[in-house]
Amino acid sequence: MKKKVLAAMLLAAMTVSLVACGSNSDKSDKTESDNGEKTKIVMGTSSVSKDLAESGKEELEKKGYEVEIKVFDDYVLPNDALVEGSLDANFYQHEPYMNNYNDSNNADIVMLEPKLYNYYSGLYSTKADTLEDLPEGGKIGIAEDASNISEQLQQIEEAGLITLSDEPSSGDFYTVADIVDNPKNYEFVSGDGNKYKNMDDYTAIIGTSNTMAEAGVDPTEHLLKKFVNNDLAEGICVMKANKDADWVKDMMDAYASDAARANVPASSGFEPAE
């Protein structure tokens, strides 16, 4: 059986180019009323997941809270800020990434249930409407880093376009050298940072819906096959000590509401988790 590499899962939603606002180390303003009830909630996110963090803001404000969204330019900082207390919650990561952070930093972050949104990987083409109609030859655009190349080659195999060896020939990750059958004679190409916008240059490309949306390309168009991993669903995270607090329950009610879900368009690259 072929290896599904956890490292690839950890990186799949995290290998993106972020453009976000900066300083996030300052403590937030007063967040409690004089009687100790929480009045302000500060939530951190990334630019890729900003739509998710904004989705329930209005509903939470209807419950009487002031809500501030902070967008970070780094995937570690929203967890660092949560641990040190300048954030009350964050909404940008999947559970394997959170668990890896906890293990590496002796932290006690928990993800609230239910998990709320999935991103997905997709095989895209402007040359065909179905996998069966893909022309022979030409380039297929894949990731640049080893872990994601491995994951994507396994997905391309799942789509029926290639066959890989039973195990990676070197190390933990599959490479193009592990393709044992390529009946349509495709060339697998890494290194085009603009492949989503240059789709016409390829027979097909493979990438993640959220990074495609960030690049300004609608991930619902030209999609031949979708690959969803429910283990990588994103959810709201808080410190374990706060998970049963009333404000946390109010926050989850707001973000899990139909009104909040309606604020996350399909073009964002996210869809409600199952």
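# Y120 and its surroundings: a quick briefing

Leaving out neighbours within four places in sequence, Y120 is in contact with G207, T208, S209, P219, T220, L223, K226, F227, V228, G269 and E271. Keep in mind that this is a predicted model. The protein has 274 residues, and 50% of them count as buried. Its secondary structure comes to nine helices and 14 strands.

**More on Y120**

- You'll find Y120 in the loop between β5 (117-118) and β6.
- Is Y120 buried or exposed? Y120 is buried, because its relative accessible area is 3% and the cut-off for buried is under 20%.
- Y120 and K226 sit 106 residues apart along the chain, yet their C-alpha atoms are separated by 6.6 Å.
- The side chain of Y120 also reaches the backbone oxygen of P219, at 3.5 Å.

**The whole protein**

- Take the contacts with a separation of 6 or more: 76% of them are between residues 24 or more positions apart.
- The protein exposes about 12,600 Å², and carbon and sulfur atoms supply 44% of that area.

**A five-strand sheet**

- What is the order of the strands in the open sheet? The five strands run β10-β7-β11-β6-β12, and the pairing is mixed.
- β10 (187-189) and β12 (223-227) are the edge strands; each has a single partner, so one side of each has no neighbour in the sheet.
- On average, neighbouring strands in this sheet are turned by 20° against each other, ignoring direction.
- Strand β7 (residues 139-141) pairs with strand β11 (residues 204-208) in the parallel sense, over two bridges.
- I140 stands opposite A204 in β11.
- Helix α6 (residues 146-158) lies across β6 (121-124), β7, β10, β11 and β12, and runs at about 125° to β11.

**Nonpolar cores**

- Which members of the largest nonpolar core touch the most other members? Out of 30 residues, they are M43, L60, F91, I236, V238, M251 and Y255.
- β1 (40-46), α2 (50-55), β2 (66-72), β3, β13 (234-239) and α8 (246-255) each supply at least two residues of this core.
- α8 gives the most to this core, with six residues.
- There is also a second, separate core of 22 residues, which includes L134, I156, L161 and F188.
- Back to L60: not counting residues up to four places away in sequence, L60 touches I41, Y65, V67, D250, M251, A254 and Y255.

**Strand β13 and its partners**

- Six of the six residues of β13 are buried, so this strand is largely enclosed by the rest of the structure.
- β13 pairs with β3 in the antiparallel sense over four bridges, and Q93 stands opposite G235 in β13.
- Strand β4 (residues 109-111) also runs antiparallel to β13, joined by three bridges, and the bridge partner of I109 in β13 is M239.

**S86, a buried loop residue**

- S86 lies in the loop between α4 (77-84) and β3 (89-94).
- With 1% relative accessibility, S86 counts as buried.
- The side chains of S86 and E84 are joined by a polar contact of 2.4 Å.

- Some background first: most residues other than glycine have a negative phi, and most peptide bonds are trans.
- N185 isn't a glycine, but has a positive phi of about 55°.
- N185 is in the loop between β9 (179-181) and β10, and is exposed, with a relative accessible area of 59%.
- H222 isn't a glycine either, and has a positive phi of about 65°.
- H222 is in the loop between α7 (209-214) and β12, and is partly exposed, with a relative accessible area of 42%.
- Which residues of helix α5 (residues 95-105) are buried? They are P96, Y97, M98, Y101 and N102.
- The peptide bond from E113 to P114 is cis, with omega near 0°, and P114 lies in the loop between β4 and β5.

Methods
Residues are numbered from 1 along each chain as its sequence is written. This is a predicted model: local features need pLDDT of at least 70, side-chain atom pairs count only at pLDDT 80 or more; totals for chains, interfaces and linings use all residues. Side-chain values use heavy atoms; hydrogens and water are left out. Buried means under 20% relative accessible area, exposed over 50%, partly exposed in between (1.4 Å probe, protein chains only). A polar contact is a pair of N or O atoms within 3.5 Å; within protein, one must be able to donate a hydrogen and the other to accept it, and residues adjacent in sequence count only if both atoms are side-chain atoms. A nonpolar core is a set of buried Ala, Val, Leu, Ile, Met, Phe, Trp, Tyr and Cys residues joined through side-chain atoms within 4.5 Å. Contact means heavy atoms within 4.5 Å. Accessible areas come from the Shrake-Rupley method with a 1.4 Å probe; for residues, only the protein chains shown count as cover. Two strands pair if DSSP finds at least two bridges between them. Axes are lines fitted to C-alpha atoms, for helices over the stretch in contact, and angles run from 0 to 180 degrees between N-to-C directions.
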